[in-house]
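Q: I've just opened this one and I'm new to it. Can you walk me through what touches what?

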Amino acid sequence: MALSAFDLFSIGIGPSSSHTVGPMRAARMFAHRLKKEGVLAPTHAVRAELFGSLGATGHGHGTPKAVLLGLEGYAPDTVDVAGADARVADIRAGGRLRLLGADIGDTHVIAFDADEDLVLHRRTSLPYHANGMRITARDAAGSVLLEKTYYSVGGGFVVDEDAVGADRIKLDDTRLRHPFRTGDELLRLTRETGLSVSALMLENERAWREEATVRADLLRIWDVMDACVARGLTQEGILPGGLKVRRRAASAARKLRGEGARAEAAMEWVTLYAMAVNEENAAGGRVVTAPTNGAAGIIPAVLRYYLDFVPGADEDGVVRFLLAASAIGMLFKENASISGAEVGCQGEVGSACSMAAGGLAEVLGGTPEQVENAAEIGIEHNLGLTCDPVGGLVQIPCIERNGMAAVKAITAARMALRGDGRHHVSLDKAIKTMKETGADMSVKYKETARGGLAVNIIEC
């Protein structure tokens with residue numbers, strides 16, 4: 001299996017990669033499948049059912065909105081985030097859905113009752129993964145034209161029922177110059193080739209894109225990340241969803257600017273950068289999945305730290321950071337999970353913290369062994385982290401958790417650089433432990449909003 005950095009970093013919409021980005025992609029896939037199989041024209045009715053974690057926390061994570069937009073042909077990376085809510089409101093109010101409307105306009109409009117035709121099964125799961133959904137299209141006589149089951153397995157990845165039993169991700173048989181599946185293999189390849197982690201990743205990326213394109217596309221990813229930080233530091237008010245959570249990043253940034261001495265407040269800025277991104281994510285804004293939306297603030301915050309507080313930081317360093325971080329992310333995706341619904345928040349915030357730590361160690365001049373050590377420290381001290389969003393919203397504790405993990409990633413990188421790369425617990429062992437911990441974790445702590453903080457505070 002071949003994974004690209006652009007599988008780990010993708011431009012999308014908040015608030016959740018597994019509950020918003022993935023379902024939107026799945027619904028869009030279904031609509032395009034109708035067209036491909038020649039059954040779009042006779043489609044008279046569509047019914048979408050959400051199961052497991054998608055059903056339990058779907059409203060808080062924006063899943064119904066994502067499904068409606070996906071059926072209309074909108075994609076997470078290009079949908080107008082400012083107009084998305086208005087379009088969904090029109091669908092609900094008018095009781096009409098434009099199948100593939102984003103591509104073909106109003107040429108195929110069907111009746112659609114969002115309360116009846118979009119069903120959230122709150123306590124029923126499908127067998128393969130906690131994030132399951134089924135979409136069915138029928139003709140005017142009620143006969144099934146197409147029915148597909150999809151699983152959103154984290155980070156915006158979608159697997160349809162045909163792939164169940166094959167792997168968690170659609171197989172890509174692209175031949176890479178330096179294929180690896182474990183941290184040990186990655187380190188062996190760096191020793192054999194003399195390449196850094198980022199340079200080795202760059203050679204693998206060239207299996208899909210020219211080097212100049214890889215660099216340009218990674219800098220575009222960073223531009224979207226940075227724009228998200230900047231917007232989050234200017235927006236104020238109350239986040240949607242009913243918890244009445246106040247945006248804090250902008251007001252806190254104003255106070256910090258007033259205090260001066262920017263370098264002395266580096267860690268406070270890092271915390272605010274991460275919170276700014278996740279406040280934007282909670283508001284349904286444009287974010288980069290890194291490797292999930294729930295953990296989207298960590299890597300941008302640490303990259304912003306690199307550019308703001310590390311002498312000599314430049315765009316080449318941004319590219320190398322993202323390449324090294326993606327190498328770490330692939331190990332989690334291949335050998336464990338980045339889905340909060342499967343392994344808890346350790347798979348989201350933990351993975352992102354590990355990726356950011358490895359990326360920072362790379363651009364601070366770390367050896368491959370030190371990069372691996374930094375990544376291991378990053379995940380080791382997030383093991384057991386539960387996913388218990390209050391009200392099913394990606395707000396409490398998610399926003400603050402990103403700020404804490406960003407600081408932890410910087411600490412992990414600095415600790416690793418003080419050593420020589422030798423350590424007792426390998427990254428592979430830590431990832432294996434995370435997977436086993438997730439398997440042992442009660443389902444109520446896995447993005448169902450049925451345990452932990454989700455049931456121990458009063459919603460108001």
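Q: Which residues of H2 meet H4?
A: This is a predicted model, and in it His 19, Thr 20, Pro 23, Met 24, Ala 27, Arg 28, Phe 30 and Ala 31 of H2 meet H4. On the H4 side, the partners are Thr 63, Ala 66, Val 67, Leu 69, Gly 70 and Leu 71.

Q: How does the contact of H2 with H4 split by class?
A: There are nine nonpolar, four polar and one charged residues in that contact.

Q: And at what angle do the axes of H2 and H4 cross?
A: Roughly 30°, and the axes come within 7 Å. With angles under 35 degrees counted as roughly parallel, that makes H2 roughly parallel to H4.

Q: Is the crossing of H2 and H4 right-handed or left-handed?
A: H2 passes H4 in a right-handed crossing.

Q: Which strands does H2 lie across?
A: H2, residues 17–36, lies across S6, S7 and S8. Relative to S7, H2 runs at about 155°.

Q: OK, strands then. What's the order in that sheet?
A: The order is S5-S2-S6-S7-S8, five strands in an open sheet with mixed pairing.

Q: Which strands stand at the edges?
A: Strand S5 (118–120) and strand S8 (158–160) do. Each has a single partner strand, so one side of each has no neighbour in the sheet.

Q: How much are neighbouring strands turned against each other?
A: By 20° on average, if you ignore direction.

Q: Let's zoom in on S6 and S7. How many bridges do they have, and in which sense do they pair?
A: S6 (residues 131–138) and S7 (residues 144–152) pair over seven bridges, in the antiparallel sense. You can pick out Ala 137, which stands opposite Leu 146 in S7. Ile 135 stands opposite Lys 148 in S7.

Q: What's in the hairpin of S6 and S7?
A: It has five residues between the strands, and Gly 142 takes a positive phi near 95° there. Asp 139 is also found in the loop between S6 and S7.

Q: What is Asp 139 in contact with, leaving aside its neighbours in sequence?
A: Once you skip the neighbours within four places in sequence, Asp 139 is in contact with Pro 42, His 44 and Leu 145.

Q: How far apart are Asp 139 and Tyr 151?
A: They're 12 residues apart in sequence and 25 Å apart in space, C-alpha to C-alpha.

Q: Switching topic: what does UniProt list for residues 4–162?
A: An unreviewed UniProt entry lists "domain: Serine dehydratase beta chain" for that span. In the model, residues 4–162 are 36% helix and 25% strand, with the end C-alpha atoms 22 Å apart.

Q: What feature does UniProt place at residues 192–454?
A: The unreviewed entry has "domain: Serine dehydratase-like alpha subunit" there. Residues 192–454 are 62% helix and 2% strand, and the end C-alpha atoms lie 49 Å apart.

Q: Which residues of H12 and H13 meet?
A: Among them are Trp 269, Val 270 and Tyr 273 in H12, and Arg 304, Tyr 305 and Phe 309 in H13. By class, the contact has 11 nonpolar, no polar and two charged residues.

Q: How about H17 and H19, how do those axes cross?
A: At roughly 25°, coming within 9 Å; H17 is residues 368–380 and H19 is residues 427–440. H17 and H19 are therefore roughly parallel to each other, and their crossing is left-handed.

Q: Which residues make the contact of H17 and H19?
A: Glu 372, Ala 375, Glu 376 and Ile 379 of H17, with Leu 427, Ala 430 and Met 434 of H19. They divide into five nonpolar, no polar and two charged.

Terms used:
Residues numbered from 1 in each chain as written. Predicted model: local features only at pLDDT ≥ 70, side-chain atom pairs only at ≥ 80, totals over all residues. Heavy atoms only, no water. Axes fitted to C-alpha atoms, helices over the stretch in contact; angles between N-to-C directions. Helix = DSSP H or I, 4+ residues; strand = E, 2+ residues; numbered from the N terminus. Parallel < 35°, antiparallel > 145°, perpendicular 65-115°, else oblique. Left-handed = near helix turned anticlockwise from the far one by under 90°. Contact = heavy atoms within 4.5 Å. Nonpolar A, V, L, I, M, F, W, Y, C, P; charged D, E, K, R; others polar. UniProt positions renumbered as here; feature names shortened; annotations may be inferred. Pairing = 2+ DSSP bridges.
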